[in-house]
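I opened a new entry to note what I look up in this structure.

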Amino acid sequence: MAWLETDRHGRLRIGFKYYDGLKCREPLGVSANKQNIAEARRLCATIQLELKARTFDYAKRFPDSDRIKQRGIETPEKTEPISVTELADSWLLSKQGEVKKSTHGYYKEVAGIFIQRDAIGTKKVSELRQEDIDRWRVRVDEKQTKANEPLSTRRKNMAWDVLNQILEFARVRKLLNEDLLLGMKPFKDSGQANVDDSELSDEPEDAEVMPYNADQIEAIIAAAEGWERALVTLYFFTGIRRGEGLALTWDRVYLDRDRALINRSLSVRYGITTPKTKSSRRMIQYGPRVHAELLKQRERVQLRSKYVFPNESGAAPNVRWATDVVWRRILTRAEVPHRPIGQCRHSFAVLALKQHKPLNWIQRQMGHRTLQMLLKHYWRWIPTDDLSAEEMSSLESAAAPQASNHAHPVPTRPETGTEAGS
């Protein structure tokens, strides 16, 4: 076992239990800033693996250590193979400080469900073969949810991504002699219905896009009351994520400009967090309908909370209650099909596409990293209507040569004869 700590001067050191149970601490000689901590955690994870495999060379890792001279420490010759579960533990350790806390929690949960509790977790890393990966894929493909429904393709590929990273972690450290995933592809979409991924993700993006139509949107908004109406109106007509709406504070709402700064999200497990990607930190636009609802909500809240949608005590609301209990209650009153609240975001995208809004504007508004992500999810709703005769004429005339006063005159050959001799 290895761990990371700081000394009384705020400098990093690594602690670990040596083969004989002796607790060792070795200084790294660097301050505890973000970059150094991330690098130190990767070293810590590597040392943990080496200790388990009994390949840790004290003199090589810490050649200037006084402990080597004092105790005459030597590396044992005996080696013990480590399991995939132990490998996953070391990989998770290496990810601490490198990724967001919520992302690390997601990695830990996926690794626990699909790898450490699976038969592959008991396999020794050095003994892993191609057929072990094939059998693992079959087991993942046959897994079901608590409701006895097939797993979504998205969830299977969560497991696939984590296994990929764990085995690459092992390969770089020369614990694997071959790339077992070479040539293998992620799970293919089988066209399954939407499956709730909430147990693995605090901010799920639904596997299948099932937007509400215009009439259903109006019915839902009409069925919502008070702050509920302000929230669902915001979701339907801005395309923000559920956590982004619940984390919104008044100091980031600019009513004079009809803009809002999105740079926080409310997570089920970790509370207020920062967005996962740079593209998620963005300034969004909203129209007069959202503006009017925000004004009403401001009158409701007054100065009792900094949050736009606070709970009774003025703190951030409970995510599950607001986006599950309240949301289902609204849908029941509206008499529309029950779908996850994430479909508000999808509905916004489809509405904007049908109204021919610029693709790059929709991408920025929704916080997608690339335009390809937008096309991947919503290509079916991109209008493909033929242009009118007037639009075609305008297109052609825009590219046609235009006469102007600055046009070069056509050169002419001077006439010969009387003019030349006069």
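**Aromatic rings and a sheet**

I looked up Tyr107 and found it buried, with a relative accessible area of 9%. Tyr106 is also buried, at 18%, because buried means under 20% relative accessible area. I note that the model is predicted.

I then checked the rings of these residues. Tyr106 and Tyr107 form a tilted aromatic pair, 5.2 Å centre to centre, with 35 degrees between the planes.

Next I looked at Phe348 and Trp361. Their ring centres are 6.2 Å apart and their planes are at 50 degrees, so this pair is tilted. The pair links distant parts of the chain: Phe348 sits in helix α13 (residues 343–354) and Trp361 in helix α14 (residues 359–366), 13 residues apart. Phe348 counts as buried at 6% relative accessibility, whereas Trp361 is partly exposed at 21%.

I also looked for charges over rings. Arg137 lies over the face of Phe187, 4.5 Å from the ring centre. Arg257 lies over the face of Tyr254, at 4.8 Å from the ring centre.

I turned to the strands. An open sheet of three strands has the order β4-β5-β8, with antiparallel pairing. Its edge strands, β4 (253–254) and β8 (282–285), each pair on one side only. Four bridges join β5 (residues 259–262) to β8, and Leu261 has Met283 as its bridge partner in β8.

Last, I noted the whole chain. It has 17 helices and eight strands, and buried residues make up 42% of its 422 residues.

Terms used
Residues numbered from 1 in each chain as written. Predicted model: local features only at pLDDT ≥ 70, side-chain atom pairs only at ≥ 80, totals over all residues. Heavy atoms only, no water. Helix = DSSP H or I, 4+ residues; strand = E, 2+ residues; numbered from the N terminus. Buried < 20%, exposed > 50% of the residue type's maximum accessible area, 1.4 Å probe, protein only. Pairing = 2+ DSSP bridges. Phe/Tyr/Trp six-rings, centres within 6.5 Å; stacked < 30°, edge-to-face > 60°. Lys NZ or Arg CZ within 6 Å of the ring centre and 35° of its normal.
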